Amino acid sequence: MPITRQPTSEQKSKESAVLYAAVADLLVVIPMFALGIATSSLTVLSEAVRVALMLVVEFYSYAILRAVHRNKLEKFRFGFGKLELFCNLVIGLTLVASGFWIADHAVERLLESEALATPLGLAVAAVVTGVNALINALGLVAMYSAARADDSPIFRAQIRARKIKLVASLIVLTTLTVAALASDPIVALWLDALGGAFVAAVQISSGFRMMSESVPDLLDHPVASETRKQVDELLSKLQPTTSDVRGLRTRRAGRNAHVELSFDVEQHTSVSEFCRRSEALQAALEEELDDIEVTINFHTAEAGRNAR
Amino acid sequence: MTTHVAYGPSSIAQAFALYWPDIAIIAILALVCSFSGDLFLIAVTAHAIAMVVRDIACLLICKDPQSRRQSTRYEFGIGKLEQAVNLAIAAMEFLLGLLLIHMLLSDLDELGSLLSPQDLSLIALATLLYTMRSIVVFIDRRRLNQILVSPIAYAAKNRMAMFVFLQILVTFAALSSNKAVAETLLTCGVLAVALVLLLSAMRQARLAVLDLVDHPLDANTDHQLQTVLGRFVPDQIVIVGVRARRAGSIPFVEITVSANPHQTLELTSHIIAELRESVLEALPGSDIVVRVRS
């Protein structure tokens, strides 16, 4: 049974920064949806869908961050990197699907030349998007003030995501403001559709990126060739102190890499000698490569495959 | 338990050779579907397609156990790839199930009302083709077990039961003189297919997701493993840690043992070999790694 622990005050401040930003997003996404439906503005609707999906990522990241700080994911003895990746995969799929849905509607609206959004509606939508942009800016400032050099990848990813959100909301804000000010309904329609298409493109590209990053790791894909090369170089450098490498296999699990090594050893080698060598090798590998987990086994000449 | 796989053909030609009768019957069903537009027949065809896609995907991806372990690209085997395919097929089945329910709800008023007794008879005959095929597969399952992937042959019984049930419904609907009864029977058939697809998709997706996220072994398997390790008490080593995960049909077990520092690796390796044998008895085909600490 895993033993839970209390988070430190610094960890709590990080959790608060992520939570407040997520709650602020939640408060703004509800009026965005209402406005999107009321004004039929594609830009507002698509931005609302995007914000809602990213909100899922935020709450999920918050839950993971809390669980990590309280040691609640000990059940996953091989780490919870795959769990994170699977959530990313699902969110990526949702982003791609909703992106295509919005793009389909934008094209349909343009082909029909159907301007449903009124200038007043677009103006109100621009105000709400402005509030969203402000929340994104404040959230980013709060996260920067809580950031430290040794922050967890989850927190760093949150800062990155917040930056992208800020840029996207500023572009949407500009499009909506110009559309609201345009006197020609066709120009307003085109700007609204362009805003929607921009958000759709952002959704599709980030969705595909999330999926392409998640799938190989979920399938136990070996580490990148550069990492593999580093491991090989390190092994050859340490060769005099280690025995012959009989097997090496690797797999990725999110930010963690699992490396499994097996060596040929002499039968008369003592356990303490083997442990001393393997610990030295393990330390050297872990020092050279970040977030790596090394497992070392042995083979004796007579017994053949023993530990592995 | 996840899908257990024995041997399977590795080429599309071999899969086609095994499944051409199914493909031919599905083509006939689809043709009748396109003319009649009957939801019951659509449901039967969708179910048959889902089954064949699952079987063929399983056959194409599964090699013999040795090559599945020693994939050149995936050093830890292709178990996760198998589960990713299972997950994709489960998603397809789930969407098919939802689509059928959506169609059922939107066509509820019209279902069966456009069909004449002749149409119903034709649908019953078309469905009979696939029912006969599933009965043949069930009867021949022992022989198929040797060439097909074992879960496919194992599932033959459930599949046959499902298609016989659907055949009974459509036959009664065709024979019934009361249109309302015929309509109710067909609705029940569509609903049954949709539910089977949804349930099977959820079950399959759950297993696939657990494997993909490196979830620990299920309670029963873990209990078996703990029992075996609990019985293994040699003087020379102490088991200090165990962690396990599953990738498709392969359980991965990592055991950390503490050994006497002055002991030689020769003796340690003999004890570890015994430990491996014990674990393999409880979890056949598992990939076992033993870490030694002093």
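## Q282(A)

Q282(A) is partly exposed, because its relative accessibility is 21% (buried is under 20% relative accessible area, exposed over 50%, partly exposed in between; 1.4 Å probe, protein chains only). The model is predicted; local features need pLDDT of at least 70, side-chain atom pairs count only at pLDDT 80 or more, and totals for chains, interfaces and linings use all residues. Residues are numbered from 1 along each chain as its sequence is written, and side-chain values use heavy atoms, without hydrogens and water.

Helix α8 of chain A (residues 271-288) holds Q282(A). Helices here are DSSP runs of H or I, at least four residues; strands are runs of E, at least two; both are numbered from the N terminus. Leaving aside residues up to four places away in sequence, Q282(A) touches V294(A), I296(A) and R291(B) (contact: heavy atoms within 4.5 Å). L261(A) is 21 residues from Q282(A) along the chain, with 9.9 Å between their C-alpha atoms.

## Interface area

Contacts link 41 residues of chain B with 42 of chain A. The two chains bury about 3800 Å² between them, 58% of it on carbon and sulfur atoms. Buried area is the accessible area (1.4 Å probe) that two parts lose on being put together, summed over both. F76(B), R243(B) and L265(B) supply 20% of the area that chain B buries against chain A, more than any other three residues.

## Salt bridges

The interface of chain B and chain A has 5 salt bridges (a side-chain nitrogen of Lys or Arg within 4 Å of a carboxyl oxygen of Asp or Glu). R243(B) pairs with E293(A) in a salt bridge; their closest N and O atoms are 2.2 Å apart.

Conventions: Chains are lettered from A and ligands numbered from 1 in the order in which they are written.
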